[in-house]
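Keep the structure in view while reading.

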Amino acid sequence: MAVRTFAAIDVGSFELSMKIFEFSGKNNMKEIDHIVKRLALGSDTYANGKISIDKLEELCRTLKEFSRIMKSYRVDAYRAYGTSAIRETKNNAIVLDQIEQRTGIRIEVLSNSEQRFLDYKSVASKGETFRKIIVDKTAIVDIGGGSIQISLFDNDTLIATQNLKLGVLRVQERLNHLNAKSGQMESLIDEMASAQLSTFKKLYLKDRTIKNIIVVDDYLSSWAVRKFGKDVNKSIVGIAEYEKIMENMRTGSRSQIASMLDIAEDKVPLMFISTVILRRTALLMGTENIWAPGVTLCDGIAYEYAEKNKLLTGEHDFEKDILACAVNISKRYMGSRKRAETLDDITQTIFDSMKKIHGLGKREKLYLRLAAILHDCGKYISMVNLGEDSYNIIMSTEIIGLSHIEREIIANVVRFNHSPFLYYGQMGGRESMLSTNDYLVIAKLTAILRLANSLDRSHKQKLKGVKAQLKDNDLVLTVDTQEDITLERGFFEERTEFFQEVFSVRPVLKQRKQF
Amino acid sequence: MAEKDFSNPAYYMNRELSWILFDNRVLSEARDKSIPLFERLKFLSITASNLDEFFMVRVASLKDMVNAGYDKKDIAGMTPKAQLEALSTAIHKLAEVQYSTYNRSLLPQLEQNGLHVIKSHEELTPEEAAFVDQYFEENVYPVLTPMAVDSSRPFPLIRNKSLNIGALMRKKNHDEDLDFATVQVPSVLARIVELPADGETRKVILLEEVIERNIQKLFLNYDILCAHPFRIMRNADLTIEEDEAEDLLKEIEKQLKKRQRGEVIRLEIEDGMDKRLLKILRKELGVEEQNIYAIDGPLDLTFLMKMYGLEGFSHLKTPKYEPQPVPELPAGCNIFDEIRKGDILLHHPYQTFTPVVEFIRQASQDPEVLAIKQTLYRVSGNSPIIAALAQAADNGKQVSVLVELKARFDEENNIVWARMLEKAGCHVIYGLVGLKTHSKITLVVRREEDGIRRYVHLGTGNYNDATAKLYTDVGLFTCSESIGEDATAVFNMLSGYSEPLKWNKLSLAPLWLKGRFLALIEREKKHAEEGRPARIIAKMNALCDPDVIKALYEASAAGVKIDLIVRGICCLKVGIPGVSENITVRSIVGNFLEHARIFYFENDENYEIYCGSADWMPRNLERRVEILFPVERQELKEGLLHILQNQLRDTVKAQVLQPDGSYEKVDKRGKESFNAQEAFCEEAVAHAMEGQEEPVTSRRIFIPEMPQDI
């Protein structure tokens with residue numbers, strides 16, 4: 001196989017970075033260059049909501065340089081992602097267009113959940129160690145500037161993920177407000193962290209302990225790389241050793257800490273915050289080991305690219321993670337697991353049999369499955385206003401690995417499962433986020449979910465073994481059941497109209513009684 | 001036993017005085033009768049140009065300190081004022097020896113060998129005088145600018161480092177008042193004027209004598225009373241020295257406005273100058289007594305380098321050495337193929353520098369090469385490397401060149417070719433603010449079948465094909481992946497990007513290198529304490545970093561055997577009981593300028609050898625970008641160890657530091673005479689021969705072609 005070269009660019013809040021990767025042969029991914037430029041875009045965005053002209057200049061200049069470097073490696077493709085600094089810029093559409101015009105580099109904006117998912121993928125890209133670690137109960141603690149993301153693993157599947165507003169910059173900002181003395185720092189940070197973390201514990205952990213923490217950050221990770229070298233498998237620190245680092249940080253002066261950890265002095269305060277938060281998290285979870293694989297977003301971007309282009313066959317099933325997270329969300333809102341499973345089954349059957357008609361792909365099928373799993377979460381709030389409530393719950397719950405738009409699609413599918421379908425232009429402004437294409441996906445998935453939903457109207461999972469077959473313009477659904485399906489048949493008839501409108505295919509329900 | 005204070009100033013030598021000792025060692029070469037006569041002229045010339053530079057940089061800097069009222073003591077406990085006083089004495093003594101060498105030793109020898117230097121124009125025969133006068137009128141007179149001082153014309157500006165003739169004169173038929181006049185000896189004309197030969201002996205006279213003889217012609221309305229050459233050195237137009245501590249820099253900046261720019265820090269006059277003339281000069285130039293040097297002979301001995309260049313006399317010069325081909329890199333080979341076979345070490349000037357130029361030239365033309373990156377510090381005029389880099393950019397390669405504009409005395413030159421490279425399409429970067437980039441590294445990125453491969457050249461000397469014939473340096477070619485990664489990171493850093501998380505093999509100043517050296521020394525110390533073998537051999541140009549010296553003292557006290565080969569300044573003292581008894585220091589001054597930095601650490605019988613661009617000086621370790629690289633291939637390690645061992649064996653050019661701070665030639669009793677530089681020359685020749693396959697034509701047996709079908 002020819003060698004392919006790929007550039008991953010991360011336009012972050014404090015740094016611009018680019019990694020160049022080389023893919024040769026199957027599953028051979030090698031980093032060949034890593035370029036980092038300090039540029040605090042975040043400080044502008046967080047303060048004024050806009051990126052200043054100076055910073056934009058600097059950003060363009062650096063991206064042009066990046067482009068030159070990419071050329072020198074003759075890269076085959078690149079992906080550039082902007083994170084919170086770009087995301088939270090009010091005029092980001094204008095800024096991004098300007099950047100593209102001036103540098104030729106197109107920056108796509110990542111939502112928090114997408115970004116965290118890529119971070120997670122970057123950890124997963126470390127293969128063997130990752131797989132070994134997540135056999136035990138494990139949490140990924142992804143510490144950013146604005147927030148931290150804690151993701152939990154159980155039986156090598158990601159089951160829950162939660163964003164906490166405990167980013168190091170944010171915490172530092174608050175400490176500055178408090179005018180805290182250096183001696184108080186640790187207990188103040190601890191207090192702030194504990195408040196949020198204990199809620200997290202109540203929600204997700206109860207009495208479980210989490211044996212391992214995988215940390216993704218700019219501080220402990222780079223220290224670990226320095227200390228243990230580039231072999232990520234070695235960078236596991238026992239909690240006792242971690243306490244020692246903490247102790248040194250408590251007693252050392254800023255320059256002592258900087259030289260001890262071989263970091264720049266101006267990074268010491270943030271490193272301290274990061275260390276305290278991580279320690280608090282570890283104590284709360286009863287953690288024994290902390291693994292700092294030293295990965296960055298760029299690794300995740302490259303991993304994603306390689307997966308898409310079949311340059312790597314990932315051993316980890318990320319879709320399973322997303323579904324598992326959805327199941328957990330549903331559980332939190334007292335959704336019926338059995339019913340969700342039935343619905344998931346039926347929707348998949350219908351989706352697969354309609355492939356030729358709907359023209360949707362694997363990703364859309366995932367949306368449908370997520371919609372099926374989350375279809376009734378709103379009833380936790382109200383049985384009457386089910387559609388709107390479900391929509392709101394989904395929109396305010398982060399599902400790792402999904403972009404904002406993807407979440408919007410799923411939330412709408414769930415909403416229209418219960419509420420009347422609104423056509424493009426009737427959505428009262430909500431459609432402004434959505435392209436016509438997204439809208440069509442919503443319509444198609446809604447039609448399928450509604451039909452499937454009607455088949456389990458009684459919520460008794462009567463119609464479990466549904467078979468679907470497309471015959472000319474009829475979609476024949478055959479159910480094997482001895483039970484009376486009068487109720488289902490009634491709802492089914494009601495739902496066929498919308499289905500027909502969307503697909504021009506008439507659903508037909510057949511009952512085959514086997515004796 | 002009480003803890004020894006290894007930073008006690010008594011254990012250290014002042015660096016300026018140590019430098020004077022170095023110039024003395026060069027001078028001792030000029031006095032060495034076993035050296036061909038014209039080589040001795042060259043050495044004497046070098047002592048003079050060295051001293052000029054020393055004045056402009058170091059003495060000027062000390063003056064600045066005194067003017068700024070900065071009286072922090074140096075490593076040896078001396079205030080700037082005390083240093084200046086000690087230096088004045090030492091330099092006067094040095095100058096005395098310079099001229100006694102010239103007058104008593106070299107001039108008679110030249111005479112014996114058929115070259116007569118006419119000391120003063122009064123010695124000319126009438127025929128010679130006629131020739132000289134004609135020469136003056138045709139060549140010299142048109143470029144002279146005589147300047148007289150009177151009530152309407154102020155004292156003129158005397159240019160730094162220029163040679164001048166001062167005269168006292170009186171207006172013809174006028175008053176009694178004496179007037180001062182001066183004329184610069186034009187630097188555009190040759191200092192040595194050869195007279196038409198009559199017979200065996202060739203005769204030369206110096207330009208200032210020619211002018212002195214004819215000075216009357218410049219001031220027609222005056223009577224000349226006396227005329228004498230003089231020369232000044234100013235503390236002027238100098239950027240603040242990077243060698244000094246930062247607090248000093250701040251202090252000087254504050255004082256900058258008050259400071260008298262252009263202050264004269266040295267006045268050289270011809271011995272026996274008219275007292276009245278000297279008085280005028282002293283007053284007008286504002287020179288202190290201790291900074292006046294009365295010279296018994298021609299001022300500015302650097303003309304001796306020109307004398308060396310006189311046609312003929314080749315039997316009085318060392319035959320020119322031809323740098324030898326490198327067998328691992330035969331002419332016409334593909335350098336990349338050869339490097340892939342294993343790391344290659346080059347030892348210049350014994351081995352030719354051509355492969356380094358060739359490396360860049362081939363890279364510029366190789367279709368698989370993606371990028372070339374290089375640091376350039378001092379480059380020869382008309383450099384083939386620059387041409388190759390420009391060519392590479394033209395061929396569509398990404399060429400990044402770091403041009404160090406701050407290279408001392410070279411600034412203008414550097415800007416010219418930096419512009420040229422930019423025009424050719426190279427990406428020229430100018431290094432990091434406040435840090436000179438002194439490292440010598442080249443990176444070639446090449447796309448090969450299994451992905452990119454990085455070829456790196458690391459050296460101890462500049463990428464300068466001219467000095468590579470005179471300076472002893474080592475260079476390494478490698479395509480080791482870990483060094484390649486580091487090299488990429490070096491250039492990223494030099495382009496203003498962040499440092500990498502981790503260095504694989506290279507250690508860089510200013511951030512990591514010093515710590516690395518201290519750790520390596522510390523490790524030897526630890527081994528010694530544990531009773532394991534411990535030894536350090538280090539070769540460099542200068543040693544004056546207090547932290548490193550302290551670490552060496554501690555190691556020595558712990559029992560580490562330390563042998564240092566330090567060409568120039570050495571602030572370390574040997575033979576102090578309990579401090580440095582296990583340390584030896586030797587300096588080699590020879591035909592070639594010792595320039596390589598090689599560091600050997602025993603590491604418990606698993607020795608490690610490093611090479612680099614940095615001396616153990618604060619400026620190298622703290623205020624420059626420098627690279628230290630390990631050499632890991634066994635044969636090459638042995639090669640480097642061999643270099644060190646040969647230098648430790650040298651009995652001819654080596655001088656050994658004594659406990660009293662002086663240097664003495666090796667006591668040869670019972671030892672075979674051994675000249676390391678000569679040995680390296682011979683070895684390089686032998687090595688090149690081995691590598692050569694016997695050419696077909698040299699076979700003397702002719703084999704008849706056999707018909708195929710009998």
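## Helices α2 and α4 of chain A

In this predicted model, helix α2 (residues 53-73) of chain A and helix α4 (residues 92-103) of chain A cross at roughly 45°, and their axes come within 10 Å. The crossing of α2(A) with α4(A) is right-handed.

On the side of α2(A), the contact is made by A:Leu56, A:Leu59, A:Cys60, A:Leu63, A:Lys64 and A:Ser67. On the side of α4(A), A:Val95, A:Ile99, A:Arg102 and A:Thr103 take part. Sorted by class, the residues of this contact are 6 nonpolar, 2 polar and 2 charged.

## Chain A as a whole

Chain A has 21 helices and 14 strands. Its C-alpha trace spans about 80 × 50 × 45 Å along the principal axes. A compact globule of 515 residues would have a radius of gyration near 24 Å, and the 25 Å of chain A agrees with that.

## Helices α2 and α3 of chain B

Two packed helices are described by the angle between their axes and the distance between the axes. For helix α2 (residues 37-67) of chain B and helix α3 (residues 80-112) of chain B, the angle is about 165° and the axes are 11 Å apart. Angles over 145 degrees count as roughly antiparallel, which means that α2(B) is roughly antiparallel to α3(B). The crossing of these two helices, α2(B) and α3(B), is left-handed.

Which residues make the contact between α2(B) and α3(B)? From α2(B) they include B:Leu37, B:Leu41, B:Leu44, B:Val59 and B:Leu62. From α3(B) they include B:Pro80, B:Leu84, B:Leu87, B:Tyr102 and B:Leu106. By class, the contact of α2(B) with α3(B) has 14 nonpolar, 5 polar and 2 charged residues. B:Arg40 of α2(B) and B:Lys81 of α3(B) are among the residues in this contact.

## Domains of chain B

Chain B is divided into domain 1 (31-308), domain 2 (335-502) and domain 3 (509-691). The centres of domain 1 of chain B and domain 3 of chain B, taken over C-alpha atoms, are separated by 38 Å.

Terms used
Residues numbered from 1 in each chain as written. Chains lettered and ligands numbered in written order. Predicted model: local features only at pLDDT ≥ 70, side-chain atom pairs only at ≥ 80, totals over all residues. Domains from an automatic or database assignment. Axes fitted to C-alpha atoms, helices over the stretch in contact; angles between N-to-C directions. Helix = DSSP H or I, 4+ residues; strand = E, 2+ residues; numbered from the N terminus. Parallel < 35°, antiparallel > 145°, perpendicular 65-115°, else oblique. Left-handed = near helix turned anticlockwise from the far one by under 90°. Contact = placed C-beta atoms within 7 Å. Nonpolar A, V, L, I, M, F, W, Y, C, P; charged D, E, K, R; others polar. Rg over C-alpha atoms; globule rule 2.2 N^0.38 Å.
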